[in-house]
Amino acid sequence: MLLIQCPYCGVERPELEFSCRGEAHIARPADPSATTDEQWAEYLYLRTNPKGVIAERWRHIHGCGRFFNALRDTVSDKFLMVYKAGEPKPDPAQFSKEAGR
Amino acid sequence: MADILTSELYSADSSQAPLLVLPDVTIMPAAPAARVSLRCRETGLALAAKAFGTPIPQTPLTAETAANRAAFWLGPDEWMLVAPESQLAAILSDLETHLDAVPHSVVDISHRQDAVLVSGPRAGWLLNTGVPIDLHESAFAVGTVTRTLFHKTPIMLWRTGPDSFVVEAWGSFMDYVTGLLVQSAEELKAA
Amino acid sequence: MSQPFRIEKGGRIDRAASLSFTFDGERLSGHAGDTLASALLANGIHLVGRSFKYHRPRGILTAGSEEPNALVGICRKGDQTPNLRATQVEVYEGLETVSQNRFPSRGFDVGAVNDLLSPLFPAGFYYKTFMWPKAFWDRVYEPVIRAAAGLGNPPKNPDHDTYGNLYAHCDVLVIGSGPAGLAAALAAADSGARVILCDEQAEFGGSLLTETAATIDGTAPAQWVADTLEKLSANGNVTLLPRTTAFGYFAQNFVALAQRITDHVSEPDPRLPRERLWQVRAREVVIAAGAIERPMVFPENDRPGIMLAEAGRTYLNRYGVKVGHNVLVATACDTAWQAAFDLADHGVTIAAIADVRENPPEALQSIAKARGIRVEKGCVVTGTTGRKRISAALLGRLRGNGVAAAGEVACDALLMSGGWTPTVSLYSQSRGKVVWNESLGTFVPGQSVQNERSAGACLGIYGLNAALEDGYAAGENAAKAAIGRSGTVSRAQAHGADAGEGGILGALPHDRDPSKVKAFVDYQNDVTAKDVKLAVREGMHSIEHIKRYTTTGMATDQGRLSNLNALDIASKALDKPVTDVGLTTFRQPYTPTTFGIFANISRGDFFDPVRKTPSHDFVAGQDAAFEDVGQWKRAWYLPKDGEDMHQAVARECETVRKSAGLFDASTLGKIEVVGPDAAEFLERMYTNPWKKLAPGRCRYGLLLNDAGFIIDDGVVGRLAEDRFHVTTTTGGAAHVFATMEDYLQTEWPDLDVWITSITEQYAVCAVQGPKARDIIAPFVEGIDLSADAFPHMSVGSGTFCGVPCRLFRISFTGELGFEVNVPRRHGKMVWDKLAKAVAEQEGVIYGTETMHVLRADKGYIIVGQETDGTVTPDDVGMNWAIGKNKADFVGKRGLARPDLVAGGRKQLVGLLTKDPKVVLEEGAQVTKLANPPAGTPAEGHVTSAYHSPAMGRSIALALVKDGRRLTGETLNIPMPNGAIPVEVVEPFFYDKEGARLNG
């Protein structure tokens with residue numbers, strides 16, 4: 001069971017308190033009606049699923065209830081950093097380097 | 001540090017039998033209380049504090065208390081305000097009045113959850129049979145409040161003293177919480 | 001009751017406490033402090049069971065948890081726990097034990113014929129032999145193999161024990177309490193850190209409890225253990241956990257411990273759990289798991305009486321038991337010599353010490369000489385004899401590449417040592433990669449991957465003083481890393497028990513016919529050196545393949561005893577260095593762990609939370625049948641006077657339509673949506689328009705996902721400009737709330753609106769039927785109930801029975817209906833009063849089944865029954881619920897996807913069977929033809945089917961391809977007894993105009 005730092009509570013809590021909500025920084029198109037079918041399908045279904053560093057949405061569902069984002073290495077299953085919703089996406093490449101891939 | 005509970009808030013419910021009485025730990029159902037969910041942005045905090053009578057805590061996982069009042073930080077824009085049951089209507093209307101000018105949400109959740117008081121030298125041990133977080137005083141100091149899990153059920157946990165805790169759960173989950181606490185305490189009766 | 005192999009004095013057993021126990025019905029005696037293994041040996045019993053595959057007689061091989069042979073069943077409380085290691089079972093008064101895998105007895109076992117037929121059972125024989133005919137696998141091969149092979153019998157009754165759980169946190173977790181572990185615990189505790197020390201054995205001390213040839217700070221090692229434990233117990237920050245196995249090492253220093261609490265007690269207090277699962281989160285972990293001795297792989301190395309040398313020494317020094325009267329010691333390293341010396345000093349004849357090495361240390365040779373022990377150098381064992389116990393060993397002299405016979409040595413026990421293997425299991429579980437240490441000839445832990453360090457023998461640091469030193473350092477460093485400071489514990493000095501030299505891997509050479517002898521590598525799975533070589537010849541070149549083909553290392557010790565020997569044999573067969581062949585991964589659990597400790601509290605009433613509504617006790621008192629809806633218990637139907645379900649439901653349905661019914665709707669999800677942007681938020685979430693809904697009015701809301709499919713529905717009431725009371729389905733409550741939070745927090749954080757779950761704030765009593773208004777009116781204050789003032793789809797606030805109330809006029813039955821929302825703790829009081837009032841009006845209390853029938857009469861869908869996550873509003877004829885002028889809502893864009901607007905979608909229709917008495921089966925397929933050819937795709941399926949009392953016949957709803965165009969046509973429902981013809985009708989059956997609900 002992982003320990004995850006909640007950027008709102010400021011503490012590490014066991015994974016049990018959290019739920020993962022998939023890849024982060026996939027914004028819902030501002031005007032969905034203007035999207036093509038391909039664009040909409042991509043928004044709905046296509047994810048990068050990398051081997052390595054991924055930015056994910058997590059929710060501290062059994063804590064403060066907030067959504068936040070985290071960089072996680074899918075190979076080592078280690079959290080590299082967490083940041084609040086709305087904050088810009090860190091450069092995963094930089095973390096990839098630090099994670100040694 | 002002495003217990004920070006006032007007797008009016010979270011007193012044992014005299015109409016209900018204790019759930020567990022052992023030399024080292026007791027579980028008492030708490031009397032009903034007024035509970036209000038407060039949601040607002042920073043603009044509302046001072047106004048809400050004025051209406052409610054305690055500061056609205058901004059430090060995560062902390063509570064502010066005053067006579068007959070407790071305000072719990074549950075999230076960055078979410079607080080639970082607790083007061084004696086009889087004051088519910090007044091508190092709701094005071095909050096609405098004071099917060100009228102700013103976006104906010106005030107919702108009565110007095111009946112949504114029930115509370116039990118778990119206390120005694122083995123209270124922390126007993127809770128840790130189902131609560132996955134560290135309840136050592138160095139990690140979970142007196143006054144700390146948090147939502148977490150007890151086995152499969154969400155709870156709110158407030159430490160009111162070195163050996164005393166308030167555990168809140170939604171009404172229909174309370175039998176699960178107290179049933180497991182009582183079952184897990186069974187071994188304390190053994191020699 | 002004599003114990004012929006017990007020495008006069010010595011050992012750590014309590015000689016004053018004699019205990020009586022049985023093994024296969026034979027009454028035997030032992031002492032407090034004995035394991036079953038030591039007590040059996042004290043009684044001269046080595047033969048404890050039969051092997052897995054060949055049913056060969058087997059004896060006790062080790063003195064620890066790695067024991068592969070001595071698996072026994074423990075009979076207790078009328079049932080049997082199988083597969084316990086006799087080396088770990090503690091003897092108590094009245095202990096009943098049985099051997100396993102033998103028929104009819106362990107002395108005479110018919111399965112032993114397998115041994116003679118062993119050419120038929122080479123490596124991979126399962127794969128080769130039982131391949132065809134395929135049908136035979138399930139019916140013949142597998143049952144027979146399972147009965148003939150395998151271990152003990154599973155218990156027959158539900159587990160009568162309880163199991164505890166504890167989440168624990170500490171600064172330093174020390175695993176293992178030998179010299180390194182105790183020193184680490186002392187050093188860590190001295191710093192003030194919170195320390196947990198656990199050991200799988202009943203007593204702390206590890207090898208120190210066996211060691212008599214050394215001193216620590218001038219005292220006996222066992223005394224130092226006692227002094228150390230006294231210090232640790234006095235420290236309030238230290239938790240001492242004997243009988244506690246660290247069986248799993250997971251991410252971020254999350255370590256699972258299994259603490260055995262009552263298994264060793266004759267009459268345990270029933271209030272105690274049998275075991276406790278410790279889920280430990282440690283800042284730092286010190287693994288001090290020690291090392292175990294390696295068996296030597298020589299022909300017939302599995303005969304009872306053959307044992308690891310240090311195990312023989314442990315039985316002597318710790319338990320006061322001689323493993324034989326005339327013992328041969330075969331070794332490749334120094335440490336086994338000490339076993340010979342200790343035994344000799346207790347009057348045991350040492351038949352010889354046969355050392356593989358040409359030049360064992362002079363010092364040892366001279367001690368042996370002083371004791372008059374025969375020493376054979378450059379000498380291996382090439383075979384053993386004896387039927388159920390070793391009676392002699394064949395020796396062979398190493399000559400260049402060959403072996404020359406060197407005579408036979410009579411003996412009644414053989415102690416062997418191929419050297420030492422560090423126990424790297426937990427380190428490996430922590431995801432650390434082991435590295436090959438050439439000078440030790442074994443794998444040792446490499447770099448730490450987690451906040452962990454290995455100390456002592458498990459790191460390859462042998463010798464008592466070195467282990468102590470390493471333990472102190474590990475404890476100090478762990479404390480420093482965990483809490484930033486370390487203590488100043490004074491370090492004890494040890495003399496004696498120095499690290500020895502020597503050790504060997506793999507199969508030993510011999511002069512026997514290789515096709516006729518078995519030299520075992522993995523005892524528990526009956527894998528021989530030959531099997532490993534065969535696997536290589538048959539193309540298994542990866543160690544992982546060899547493992548699976550031969551099953552070596554797949555026994556309960558996970559290859560702790562066998563891996564290195566197997567690896568060496570494989571590497572020689574492959575002609576590759578050991579490091580290129582690699583080691584298989586050690587996985588959790590470290591030793592077998594009970595299912596009970598994993599199931600833990602999640603059983604019986606606490607398997608999952610059982611959520612009950614305010615009416616629960618009332619309806620239970622009326623013999624209601626309950627239905628599980630998520631975690632909720634809901635009244636399903638309430639039979640009267642011996643009614644069956646059909647009769648009860650029919651009566652409930654008729655009564656609701658005739659007078660009135662009372663239904664507990666508390667389980668519906670309820671969300672209070674509050675804030676200046678509340679209407680805007682709902683506008684974006686739901687398909688429907690909300691901005692023009694007046695306060696005091698309700699609207700049915702339909703919720704889609706962004707793919708365009710229905711995920712939930714419910715009535716939404718507007719309480720004020722900025723306040724809505726949203727209801728969801730019972731099962732969808734949590735998901736809808738989470739979905740709303742998701743959009744609110746991450747897509748539209750600028751909206752000034754907040755949502756709060758009020759599902760359990762309100763108890764909900766639904767009163768439905770023509771008399772509903774008459775029933776509730778006397779209780780209501782502050783709300784005008786007249787049809788004009790409070791029409792269908794209204795909501796108002798007032799009081800009910802004197803308590804605050806949100807009253808909805810809504811209907812899921814098609815009748816005049818109200819839903820009374822009162823604060824939950826008043827729910828029971830309100831329910832009781834309504835139940836009485838309903839009864840006075842000759843109404844009925846009804847359950848979920850009646851609710852389903854009544855809504856089906858009206859063609860109201862149930863999300864999850866008429867929908868399955870691939871159904872759009874248009875599919876179920878609910879385009880009316882979509883706000884046509886809305887620019888966007890969740891799902892709007894999805895609805896425009898090509899596949900969702902294409903023709904040929906399945907649409908909701910009603911079905912009427914030609915025979916009105918026939919009720920269709922929900923889920924049944926719908927076809928055009930009565931007897932469609934095989935492979936014909938179905939046109940759709942039945943989603944709901946009931947007998948409808950209101951219609952006086954059966955009704956059904958179905959999703960059928962282009963169904964709306966088929967109205968009036970006949971379709972078929974193929975069933976095993978022939979197709980059922982049905983007519984397609986519009987999907988509503990009763991009071992289409994809605995006159996009743998508007999009354």
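Trainee: What makes β50(C) and β51(C) a hairpin?
Mentor: Remember that this is a predicted model. Strand β50 covers residues 970-973 of chain C and strand β51 covers residues 980-985, and they run antiparallel. Six residues sit between them, and in that turn Gly978(C) has a positive phi of about 110 degrees.

Trainee: How do you know that β50(C) and β51(C) count as paired?
Mentor: Pairing needs at least two bridges. Four bridges join β50(C) to β51(C), so they count as paired. One example is Ile973(C), whose bridge partner in β51(C) is Ile980(C).

Trainee: And β20(C) with β21(C), what joins those?
Mentor: Six bridges, with the two strands running antiparallel; β21 spans residues 392-399 of chain C. The cut-off is at least two, so that pair passes as well.

Trainee: Which sheet do they belong to, and in what order do its strands come?
Mentor: An open sheet of three strands, ordered β20-β21-β22 in chain C, with antiparallel pairing.
Trainee: Why are β20 and β22 of chain C called edge strands?
Mentor: β20 (379-385) and β22 (402-410) of chain C each pair on one side only.

Trainee: Now chain B. How is chain B divided into domains?
Mentor: Domain 1 of chain B takes 2-31 + 112-190, and domain 2 takes 33-108. Their centres, taken over C-alpha atoms, are separated by 23 Å.

Trainee: How do you know that those two domains of chain B touch, and how many residues are involved?
Mentor: Contact calls for heavy atoms within 4.5 Å, and 16 residues of domain 1 of chain B meet that with 19 residues of domain 2, so the two domains touch. The area buried between these domains of chain B is about 1,300 Å², with carbon and sulfur atoms giving 60%. On the domain 1 side, Leu9(B), Val145(B) and Arg147(B) lose the most area to domain 2 of chain B, together 39% of what that side buries.

Trainee: Why is the meeting of Glu78(B) and Arg147(B) called a salt bridge?
Mentor: Their side chains come to 3.0 Å, N to O. The limit is 4 Å, so Glu78(B) and Arg147(B) qualify. Between domain 1 and domain 2 of chain B the count is two salt bridges, along with four residue pairs in polar contact. β8 (113-119), β9 (145-150) and β10 (153-161) of chain B each supply at least two residues of the domain 1 side.

Trainee: What about chain B against chain C: how many residues does the contact take from each?
Mentor: It takes 47 residues from chain B and 42 residues from chain C. About 3,900 Å² is buried between chain B and chain C, 52% of it from carbon and sulfur atoms.

Trainee: What makes Glu187(B) and Arg276(C) a salt bridge?
Mentor: The closest N and O atoms of Glu187(B) and Arg276(C) are 2.6 Å apart. With a cut-off of 4 Å, that pair therefore counts. Chain B and chain C have seven salt bridges between them, and 27 residue pairs in polar contact. On the chain B side, β3 (33-40), β7 (104-108), β8 and α4 (174-185) each supply at least two residues.

How values were computed:
Residues are numbered from 1 along each chain as its sequence is written. Chains are lettered from A and ligands numbered from 1 in the order in which they are written. This is a predicted model: local features need pLDDT of at least 70, side-chain atom pairs count only at pLDDT 80 or more; totals for chains, interfaces and linings use all residues. Side-chain values use heavy atoms; hydrogens and water are left out. Domain bounds come from an automatic or database domain assignment. Buried area is the accessible area (1.4 Å probe) that two parts lose on being put together, summed over both. A polar contact is a pair of N or O atoms within 3.5 Å; within protein, one must be able to donate a hydrogen and the other to accept it, and residues adjacent in sequence count only if both atoms are side-chain atoms.
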